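Good morning, and thank you for making time for this presentation.

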Amino acid sequence: MLIITCPNCGSRPVEEFRFGGEIPQPPESITDPFERDLDQVWMFTNVAGVQTERWFHDAGCHRWLTATRDTSIDRFVD
Amino acid sequence: MNEFVETLLELTWHEPKSSYDVVIIGGGGHGLATAYYLATQHGITNVAVLEADYIGSGNSGRNTTIIRANYGIPESIRFYQHSLDLYSTLEQETGCWIMHATKGLLWLAHTESAMRNERARAMLNTACGAETVLVDPTEIKALVPQLDLSGGGRYPVLGASYHIPASTARHDRVVWAYAQGAMQRGVHVLQNTPVTGLIRDGDRVVGVRTATGDISAGVVMSAVGGNVSQIAAHAGVRLPVRTHPLQAFVTNGYAQGFGPIISDTELLCYISQTARGQMLIGHEYDRETSYSLQSSFQFLQANAIKMSYLLPFVRDLKILRQWTGRCDVSADFSPIMGFTDVDGFVITTGWGTWGFKAIPAGGEAMAELIATGRTPELIEPFALSRFAADHAMADQGSTGTR
Ligand SMILES: Cc1cc2nc3c(=O)[nH]c(=O)nc-3n(C[C@H](O)[C@H](O)[C@H](O)COP(=O)(O)OP(=O)(O)OC[C@H]3O[C@@H](n4cnc5c(N)ncnc54)[C@H](O)[C@@H]3O)c2cc1C
Ligand SMILES: [Zn+2]
């Protein structure tokens, strides 16, 4: 079972949380403002590796937190 | 019609050449169907399909094989209806027995709001040519006598939309049928050949890198399922795609002859019977993105319980196997087919949890696009450029049943 450490509530099972997805990060190489907006809204890095992402503690403190997870094995990393 | 095992023996494997007109990355249904139609409809046979593992090892050999056209927007319905039509003649076309069977598909409704959705689904699809009618509980019971219309006292069945031409086919036979048809016409299918990078010349993609050497190509197509973001990144292309796991399981055999496919948008699960008599049960994709193929107990438990409300007989069955696939889910739940901003690099992706049914039409359209250099009208709405043009193709019909 996956455990998420919530800064407010401590270690809780992943089922209590809602997944908010990777934090959008348009690459530096995109400089055109329109292209940056497009990337911010629609595109994903979708990395097979360590991803910085948001989770919402639905069954707990009702706050967002940031976590890092290795998506290639679906395990949280510190 | 040939017995399949015998036709399999006609597969001929080749050593890679250093150059092809077209290199297709990914030996799933979409990659192999594209190769097949390049050969059969356009006479282009100097083609290689590079598969990291064995052909059909991705989602094309892991899915629940539902073929349907009742989607949520006219552009999708038209596309999937064409694919459904191609499936219905694929056995004659390829000479391979893919075990195609028309079963019909019921989408159950337990609440008034769900009934409104099913009514809208039936009307839209009928208007667009995908035969779908509304049925009441008595008609549903006649189609599926095993169904508990009270839903275990929790999920009463108020009605359903019934998509009459929905069907299934044996998934790996579809893959082999296209592979064989392509290989017999000279296409090289190279298994155990992962593509590790793309070769670029200025702004163009001109080939692929593999462990055994570089292969140059006039056109490179990515058809790699859940790994698409990695391949596209080699070309500097960013995609509105996230990789989510999708799970399914089968039980041991139940009396043959279980009728239609049953789907439930409120319970988020669906069921059908395989040709072996096993009950095949699926669900929505996992919430969090992941490339892991680890299956979960939570999935098994939740869906076994939900199915037992609807079909009490499943309580007496045993779970045989469960498995997971890696799905390339697009941001608007519609496929992404065609050109990218990079010359020489085309993609077919966004197949998410619904792309098995699309293999014939997707392959045919991508073959035409590669052969003619123009986007076929049928897939124009599904170009990657739609996101920049603010024409996302949000399709609710992609969810619920696969
Ligand atoms: C459990 C489950 C149930 C489903 N149910 C249905 C359903 O009922 N109906 C439906 O229509 N759809 C369904 N789908 C979705 C459907 O299976 C897929 O959309 C479809 O098979 C995609 O085909 P593809 O050829 O694009 O990808 P895949 O079949 O995944 O093929 C991609 C291939 O690319 C290879 N590859 C990856 N990276 C590389 C590389 N770097 N180099 C070379 N090769 C590479 C992989 O090994 C793989 O064989 C389901 C999916 C799952 C997982
Ligand atoms: Zn909390």
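This is a predicted model: local features need pLDDT of at least 70, side-chain atom pairs count only at pLDDT 80 or more; totals for chains, interfaces and linings use all residues.

Between them, chain B and chain A bury about 2,000 Å², and 53% of that area lies on carbon and sulfur atoms. The contact draws 27 residues from chain A and 19 residues from chain B. Which residues of chain B lose the most area to chain A? They are Arg238(B), Arg287(B) and Glu288(B), which together account for 34% of what the chain B side buries.

Across the interface of chain B and chain A, the rule finds one salt bridge. Polar contacts are counted as well: between chain B and chain A there are 14 residue pairs in polar contact, both residues being at pLDDT 80 or more.

Let me turn to the elements that supply the chain B side. Helix α8 (228-234) and strand β13 (241-253) of chain B each provide at least two residues of the side that touches chain A. The largest share, three residues, comes from β13(B). Sorted by class, the side of chain B that touches chain A comprises eight nonpolar, seven polar and four charged residues.

I move now to the ligand. How many residues surround ligand 1? The number is 39, and the closest are Glu51(B), Asn59(B), Ser60(B), Thr64(B) and Lys357(B). In the case of Glu51(B), a polar side-chain atom lies 2.6 Å from an oxygen atom of ligand 1. With Asn59(B), the backbone is involved: one of its polar backbone atoms is 2.9 Å from an oxygen atom of the ligand. Ile66(B) likewise places a polar backbone atom 2.9 Å from an oxygen atom of ligand 1.

Finally, the sheet. In chain B, three strands form an open sheet in the order β3-β8-β4, with antiparallel pairing. Why is one side of β3 and of β4 left without a neighbour in the sheet? Strands β3 (66-67) and β4 (101-102) of chain B stand at the edges and have a single partner strand each, so one side of each lacks a neighbour there. Strand β4(B) is joined by two bridges to β8 (residues 167-168) of chain B, and these strands run antiparallel. Within that pairing, Thr102(B) stands opposite Ser167(B) of β8(B).

Thank you for your attention.

Terms used. Residues are numbered from 1 along each chain as its sequence is written. Chains are lettered from A and ligands numbered from 1 in the order in which they are written. Side-chain values use heavy atoms; hydrogens and water are left out. Two strands pair if DSSP finds at least two bridges between them. Helices (H or I, at least four residues) and strands (E, at least two) are DSSP runs, numbered from the N terminus. Contact means heavy atoms within 4.5 Å. Buried area is the accessible area (1.4 Å probe) that two parts lose on being put together, summed over both. A salt bridge is a side-chain nitrogen of Lys or Arg within 4 Å of a carboxyl oxygen of Asp or Glu. A polar contact is a pair of N or O atoms within 3.5 Å; within protein, one must be able to donate a hydrogen and the other to accept it, and residues adjacent in sequence count only if both atoms are side-chain atoms. Ala, Val, Leu, Ile, Met, Phe, Trp, Tyr, Cys and Pro count as nonpolar, Asp, Glu, Lys and Arg as charged, and the others, Gly among them, as polar. A residue is near a molecule or strand if one of its heavy atoms lies within 4 Å of it.
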